[in-house]
Amino acid sequence: MSKFNRNLNKLTKNNEGHIAYEMSLIDRLIIQVLTGFFGEDKFYLNNSSQIIKDIREVCIINPAFIANLAIYARKEMHLRSISHVLVAELAKSSSGKKYARDAIYRVIERVDDMSEILAYYLNEFGKPIPNSMKKAIAEKLLTFDEYSIAKYKGDKELKTKDILCLVHPRPRDERQNNMFKRILEGTLKTPITWQTKLSTQGNTKESWEELIENNNLGYMSLLRNLRNIIKSNPKNIEKVYEVLSDKDRVLKSKQLPFRFYTAFSTLYKENLGTSKLYDSLETAIKHSTNNISKLKGKTFISADVSGSMTMPISAKSEITSANIAVLMMAMSNYICEEAITSTFDTVFNLKPMATNNGIISNALSIPVTGGGTDITLPIRYLLQKKIYVDRIILLSDNEINYGYKETCQSYIEKYKRSINPNVWVHGIDMQGYGTQQFCGNKINIVSGWNEKMIEFISTVEEGVGDLRSKIENYHFKEENYYEIHTGKI
């Protein structure tokens, strides 16, 4: 039984007013943190205030969990803003002092992580800055070289020299001491980056050729600038294909899978690039799934393509939760021994996929239709057709809005009684509104937008661990500041 299913006898209503299971405090916080960019609107609401409220409550009763969640979100899920919020709130909490310094140090991976953590704290709480935060940032600042610091000089609100004045790091040697002096004087040499190159030489073929040849493009920069690179038609384009499909570069880049989907989709819509480019992107996304255990037996997968899944995930993106859902369905299909793939809104549709097709190509072939949400449809299809499967994977925001008087779990119970009593149900929550439709034995609820969520399908079935226990023991060992067995957390 998934550890995620504590205290799920209590019923509530979702945003559409339909009956659902209420999540416990920590379970709700997990899905809120892992299914969105902090501060961005969702289809029904901007739930940032609820996240802050929940973080502060958990900080009091289980600060070790907040510390672990922050580090996990940054290291494993590659989420920056929410990890900054978590550690800043931890540093403010009197219960979190024991963990804040170490957690902040581990969350900082880039120079601008420091400025954003400080900016959030100062905007939210003002001065004084906690000693745990000062010490962690001062220690981390000493690990960055001059190139990294010069690359992220900071924005108008909080510059790198402001950080120096706030945390007062002690230089380890004369070289570092001189570097800090140059930061304070504003005389750090501007490094050559793709941004500085384009600003001085323009968005030209020659600029891109030089950047590619001198390896001045990081993997993320390369991926996000593919459109401009392809349009410029550089003579060394083969090197771009090699970098994109290099396994080590892919894994080190820590890109969320939908970044590959976005690049592919953008180029495809504009008829840019050749088969080599698309093959490189397909190879890249397959690298991110190759280490996931294959799912044995027959798997049934269904993605929610209803209206509540069609809002862009951020103001800077056109990709929606529905796009991510069908992409994760295609990724899941790729690692299945045998799979049935489908979509639903108020209509159920089979969408067969061949595993030897491209993952992104398969995802792009699935239309996002919009409309209402009936998450019972996939299960009712299995019941009506009497189809035996070993597991059911549902990717949805759980915002069912068609008038059933019971949760969808009742259909799972019917399926267990009549077809397969040992079926696993894996619900991948795509939005994190805080309710769920399934509970009980062999029910696994996870949340997030990358391949890590697919990994938990096999680990949970094998009894190795689930998402919540993974986070609880990620770095700090869980300390029960509150009696977990009461079910209140």
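Is the crossing of α19 and α23 left-handed or right-handed? The crossing is right-handed. The points below concern a predicted model.

1. Helix α19 (residues 321-334) packs against helix α23 (residues 451-461) with the two axes 10 Å apart and an angle of about 45° between them. That angle makes α19 oblique to α23. On the α19 side the contact involves Met-328, Met-331 and Ser-332, which meet Glu-451, Met-453 and Ile-454 of α23. By class, these contact residues are four nonpolar, one polar and one charged.

2. The crossing of α6 with α9 is left-handed. From α6, the contact draws on Val-111, Met-114, Ser-115, Leu-118 and Leu-122; from α9, on Thr-160, Ile-163 and Leu-166. The contact of α6 with α9 has six nonpolar and two polar residues, and no charged residues.

3. Helix α17 covers residues 257-269, and its end C-alpha atoms lie 19 Å apart. This agrees with the 18 Å that its 13 residues should span, because each residue is taken to contribute 1.5 Å.

4. Buried residues in α17 are Pro-257, Phe-258, Phe-260, Tyr-261, Ala-263, Phe-264, Ser-265 and Leu-267. Just after α17, Asn-271 has a positive phi of about 55°.

Methods: Residues are numbered from 1 along each chain as its sequence is written. This is a predicted model: local features need pLDDT of at least 70, side-chain atom pairs count only at pLDDT 80 or more; totals for chains, interfaces and linings use all residues. Side-chain values use heavy atoms; hydrogens and water are left out. Helices (H or I, at least four residues) and strands (E, at least two) are DSSP runs, numbered from the N terminus. The expected span of a helix is 1.5 Å times one less than its number of residues. Buried means under 20% relative accessible area, exposed over 50%, partly exposed in between (1.4 Å probe, protein chains only). Axes are lines fitted to C-alpha atoms, for helices over the stretch in contact, and angles run from 0 to 180 degrees between N-to-C directions. Angles under 35 degrees count as roughly parallel, over 145 as roughly antiparallel, 65 to 115 as roughly perpendicular and the rest as oblique. A crossing is left-handed if the near helix is turned anticlockwise from the far one by less than a right angle, and right-handed if clockwise. Contact means heavy atoms within 4.5 Å. Ala, Val, Leu, Ile, Met, Phe, Trp, Tyr, Cys and Pro count as nonpolar, Asp, Glu, Lys and Arg as charged, and the others, Gly among them, as polar.
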